[in-house]
Amino acid sequence: MTNSFSFSQALHSDGPNPDLAEKLDLYGRFVGAWTFDATRHLEDGTVLTGRGEVHFGWVLEGKAIQDVWILPARDAGPSPSLGKWTFYGTTLRAYDPGTDAWHIFWSDPRNQYYSRQLGRAEGDTIVQVGADGTGSSVRWSFSRITKDSFRWLGERSHDNGATWRLEVEFLARRVAQG
């Protein structure tokens with residue numbers, strides 16, 4: 001017996017699960033395609049820049065959001081200003097009604113970089129806190145969120161969150177559907 005459904009049909013959903021729609025809007029408002037200007041601040045003071053893309057979609061019966069972050073953007077061509085800083089990874093964001101928070105799982109097989117975080121709204125900002133594979137504390141956040149733009153920050157702490165160092169900033173703009 002063969003199944004006529006593809007992997008993408010099994011993974012993707014048309015929208016949020018109706019029972020959780022209000023809570024799922026925290027990340028659901030990002031569903032669609034975006035482009036972003038990326039800036040990375042290295043510890044030695046070097047600044048790397050480039051343009052990337054990110055795509056958000058509903059998955060797993062509309063109970064989760066999955067995204068794909070790509071730097072440089074697939075249409076950016078050669079990007080010497082990025083140096084060796086590139087990535088092609090995905091985040092799975094699943095809402096947990098028991099904790100009223102989101103479980104965040106980032107995977108970047110290109111660079112073998114993985115992170116697990118817990119995400120919540122803090123006022124008008126979404127803050128995700130957790131650790132990466134090196135054991136460093138990481139804090140990722142979405143702020144300045146509008147219908148067509150957001151700012152994403154990646155910060156790292158080597159002292160269990162007592163102090164944070166800005167590593168990455170993405171300024172994203174929604175891609176017009178047409």
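Does Arg165 count as buried, partly exposed or exposed? In this predicted model, Arg165 has a relative accessibility of 29%, so it counts as partly exposed. Its side chain meets that of Glu167 in a salt bridge, at 3.4 Å from N to O. Glu167 itself is buried, with a relative accessible area of 14%; the cut-off for that label is under 20%.

Asp132, Arg156, Arg165 and Glu167 are linked in a network of salt bridges.

## Salt bridges across the chain

As background, side chains of opposite charge can pair when their charged atoms come close. Counted over this model, the salt bridges come to 12.

One of them joins Asp100 and Lys23, with the closest N and O atoms 3.2 Å apart. Asp100 lies in the loop between β4 and β5, while Lys23 sits in helix α2 (residues 21-28), so the pair ties together parts that are 77 residues apart in sequence. Both ends are partly exposed: Asp100 has a relative accessible area of 39%, and Lys23 has 40%.

Another salt bridge runs between Asp148 and Arg174, whose closest N and O atoms are 3.6 Å apart. This pair also links distant parts of the chain, with Asp148 in the loop between β8 and β9 and Arg174 in strand β10, 26 residues apart. Asp148 is partly exposed at a relative accessible area of 41%. Arg174 is partly exposed too, with a value of 23%.

## Backbone spots to look at

Asp100 turns up again here, this time for its backbone. Its phi is near 50°, which is a positive value in a residue other than glycine. The residue is found in the loop between β4 and β5, and its side chain is the one that forms the salt bridge with Lys23.

Gln112 is another case, with phi near 55°, again positive in a residue other than glycine. You'll find Gln112 in the loop between β5 and β6 (113-122). Is Gln112 buried or exposed? Its relative accessible area is 55%, so Gln112 is exposed; the label calls for a value over 50%.

There's also a cis peptide bond to look at. It joins Leu71 and Pro72, and omega is about 0°. Pro72 has its place in the loop between β3 (64-71) and β4.

## The largest pocket

Now for the empty space. Rolling a probe the size of a water molecule over the atoms shows where empty space is left. How much space lies in the largest pocket? It holds about 490 Å³. The pocket is lined by 21 residues, and the closest to its centre are Trp85, Phe87, Tyr113, Trp140 and Val168.

Which elements give two or more residues to that lining? They are β4 (87-96), β5 (101-108), β8 (137-143), β9 (149-157) and β10 (165-174). Strand β9 gives the most, with four residues. Sorted by class, the lining has 10 nonpolar, four polar and seven charged residues.

## Around Ser137

Ser137 is found in strand β8, one of the elements that give two or more residues to the lining of the largest pocket. With a relative accessible area of 16%, Ser137 is buried.

What does Ser137 touch, leaving aside residues up to four places away in sequence? Its contacts are Gly130, Ala131, Glu155, Arg156, Ser157, Asn160, Gly161 and Trp164. The C-alpha atoms of Ser137 and Glu155 are separated by 8.5 Å, and the two residues are 18 residues apart along the chain.

Notes
Residues are numbered from 1 along each chain as its sequence is written. This is a predicted model: local features need pLDDT of at least 70, side-chain atom pairs count only at pLDDT 80 or more; totals for chains, interfaces and linings use all residues. Side-chain values use heavy atoms; hydrogens and water are left out. On a 1 Å grid over the protein atoms alone, a cavity is a set of points where a 1.4 Å probe fits but cannot get out, and a pocket is an open set with protein on both sides within 12 Å along at least five of seven lines; lining residues have an atom within 4 Å of a point. Grid points are joined across faces, edges and corners, and a volume is the space filled by probe spheres set on the points. Ala, Val, Leu, Ile, Met, Phe, Trp, Tyr, Cys and Pro count as nonpolar, Asp, Glu, Lys and Arg as charged, and the others, Gly among them, as polar. Buried means under 20% relative accessible area, exposed over 50%, partly exposed in between (1.4 Å probe, protein chains only). A salt bridge is a side-chain nitrogen of Lys or Arg within 4 Å of a carboxyl oxygen of Asp or Glu. Contact means heavy atoms within 4.5 Å.
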